[in-house]
Amino acid sequence: MAMKRHGKSPASSGSDEKVMFFRDVSLGPHETRLRFRLIHFWEAQNPVKKTLIGLEMLLIDEQGTVIQGFIPPGRIKKYLPEMKRGSVYELINFYGSKNKPMYRVADHIATVSFAWNSELSVLHDIPIPFDEDRFRMHSYEDFEANCDLKGDLYDVLGHMKLVDGQCVTERPIIDEAKVATTRHIMIHVQSHEGPVMKLYLWDQTATDFCKKFKSSEKTPTVLLATAVNTKRLGGTLALSSMSPTRVFMDNDVQPTIDYLAWLSSNPEIAKQVSAEVVTKRETMTISDIFSYMTMESAKDAFFECTATIDDVVHGSAWYYIACTGCHSKATKGANSLICTNPRCVKDTTAGVAQYRAKISVYDSSEQGFFVLLGDAGFQLTGRHASELVSSYFEANKDKGPDHEVPVPEALISIIGQTHKFCVKVTDHNFSGNTRAITVTKILPPETPSPTEASLGDAIAATSMEAVQTGSDMCEPSNSRGDSADEEGKRTFDSVDPEKDKRARCEK
């Protein structure tokens with residue numbers, strides 16, 4: 001039998017053709033054959049530069065061994081037309097590159113990388129059995145142990161307690177429009193009788209979940225999510241989908257079928273819903289929020305933070321002139337003010353002053369800057385920005401309309417106060433433009449914190465995915481050019497009021 005590179009021999013699989021099994025794949029070039037089923041494939045993107053790194057794949061051979069595959073961007077066009085999930089292929093010639101240490105989805109040390117001379121062909125009517133899939137299920141204890149380590153991505157199997165804050169004992173009504181806007185949905189899932197965990201499904205995975213859930217005749221109860229990442233924010237363990245994540249329910253695959261049978265024999269388990277799961281406050285320190293903002297996986301999110309106001313920042317405008325219809329920034333036209341929001345129905349607007357005051361705040365962990373928008377400013381001062389601006393010009397009739405109104409006493413008086421803030425971090429925080437955090441609401445101490453159900457998308461605790469279509473998980477190994485975290489210098493002056501959309505001021 002002819003020997004291949006590195007001293008390993010190709011294996012025979014019951015036919016005259018010589019093929020190599022995944023267990024024998026080593027690092028370096030291989031001029032031999034592989035046969036496998038394509039379980040899944042997804043795009044990998046550089047999370048910093050937002051450029052395509054390549055196509056990642058999950059492959060399984062006839063022995064049930066799973067390995068990751070990779071196609072460089074310049075070769076995707078050649079192979080993509082023939083690629084179909086579940087199909088069986090033969091690959092001749094490939095390169096065994098080192099499997100990446102972060103966010104792996106397979107245990108093998110190597111990745112099957114398509115080389116310049118690789119030949120891929122579809123196999124039909126193959127008598128050799130190939131498993132459909134292979135899962136890596138782990139327990140709550142395993143997720144706890146691997147939390148925040150950016151290690152392997154494991155699969156979670158359990159029964160759903162809440163979907164978008166609604167109990168599954170009564171079929172939840174999923175707002176697909178909201179999911180499309182927020183780009184995620186949150187599910188409380190429990191594995192057997194372990195602790196309830198929060199699972200965040202993002203982007204296409206969230207869309208796939210909604211379609212599958214709504215198309216089911218009966219309310220689905222069992223969920224299997226593959227390749228999830230674990231992160232602790234505000235002291236809470238959360239699971240989050242990543243680019244390779246897939247979702248299965250009830251009778252989709254054997255693990256969900258077996259779990260559904262167990263659940264059917266223990267109906268009292270499915271009916272138990274802990275109120276504490278729903279009402280537990282998702283609080284974050286300023287330091288926690290800053291840490292979240294540096295994550296490559298970070299997305300728009302709402303948090304709750306208790307902080308003390310140290311100062312009102314001078315030297316920058318504490319208000320802006322907004323469209324009376326949508327509250328986006330209004331600019332001067334030839335004869336009138338024009339709304340800068342292209343979706344606004346108002347061609348021209350009279351304009352109204354809205355808060356955009358920058359305040360310095362601190363808690364026991366860190367000092368930072370918050371930006372008060374709209375109603376948040378009114379909740380602190382008890383006066384609308386338009387009222388304060390009008391009062392100033394009435395008292396200073398000699399000042400022109402372009403004169404900058406100094407910070408009013410109503411804002412100065414809030415210094416020293418401690419409040420519970422509802423804050424929102426958005427794209428401008430992740431892109432390195434600013435560390436200033438937008439405040440959308442002030443919560444009185446006696447008012448219960450909004451539940452996750454009422455906030456909907458409130459806690460994007462993903463820490464997690466690492467870009468919409470290719471995540472931290474999709475970072476290549478060093479042989480393919482790892483990308484590193486980058487956090488630019490941020491300044492408040494770069495905040496774009498229109499981009500903020502005033503946080504819509506109704507949050």
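The points below go from the overall make-up to single residues.

1. Basis. This is a predicted model, in which local features need pLDDT of at least 70 and side-chain atom pairs count only at pLDDT 80 or more, while totals for chains, interfaces and linings use all residues. Residues are numbered from 1 along each chain as its sequence is written, and side-chain values use heavy atoms, with hydrogens and water left out.

2. Overall make-up. The protein has 14 helices and 23 strands; these are DSSP runs (H or I, at least four residues, for helices; E, at least two, for strands), numbered from the N terminus. Of the 507 residues, 54% are buried, where buried means under 20% relative accessible area, exposed over 50% and partly exposed in between (1.4 Å probe, protein chains only). The accessible surface is about 22800 Å², and carbon and sulfur atoms account for 50% of that surface; the areas come from the Shrake-Rupley method with a 1.4 Å probe, and for residues only the protein chains shown count as cover.

3. Contacts. Taking contacts between residues at least 6 apart in sequence, 68% join residues at least 24 apart. Contact here means heavy atoms within 4.5 Å.

4. Strand 3. In strand 3 (residues 28–45), 14 of the 18 residues are buried. Strand 3 pairs antiparallel with strand 6 (residues 88–98) over 8 bridges, and Leu 34 has Leu 91 as its bridge partner in strand 6. Strand 3 also runs antiparallel to strand 4 (residues 52–60), joined by 8 bridges, with Leu 38 opposite Leu 59. Two strands are taken to pair if DSSP finds at least two bridges between them. Strands 3 and 4 make a hairpin with 6 residues between them, and Lys 50 in the turn has a positive phi of about 60°.

5. Aromatic pairs. The whole structure holds 11 aromatic pairs. Rings of Phe, Tyr and Trp (its six-membered ring) pair if their centres lie within 6.5 Å; planes under 30 degrees apart are stacked, over 60 edge-to-face, and the rest tilted. Phe 135 and Phe 248 have ring centres 5.7 Å apart and planes at 80°, so this pair is edge-to-face. Phe 135 is in the loop between strand 8 (119–123) and helix 2 (140–145) and Phe 248 is in strand 15 (residues 247–249), so the pair ties together parts 113 residues apart in sequence. Both Phe 135 and Phe 248 are buried. Phe 22, Phe 36 and Tyr 89 form one aromatic cluster.

6. Charges over rings. Lys 358 lies over the face of Phe 369, 4.3 Å from the ring centre, and the charged end of Arg 435 sits over the ring of Phe 290 at 3.7 Å from its centre. The test is NZ of Lys or CZ of Arg within 6 Å of the ring centre and within 35 degrees of the ring normal.

7. Cysteines. The search finds 0 disulfides, a disulfide being a pair of cysteine sulfur atoms within 2.5 Å. Cys 210 is buried at 2% relative accessibility, and Cys 422 is buried at 8%.

8. Asp 250 is in the loop between strand 15 and helix 5 (254–265).
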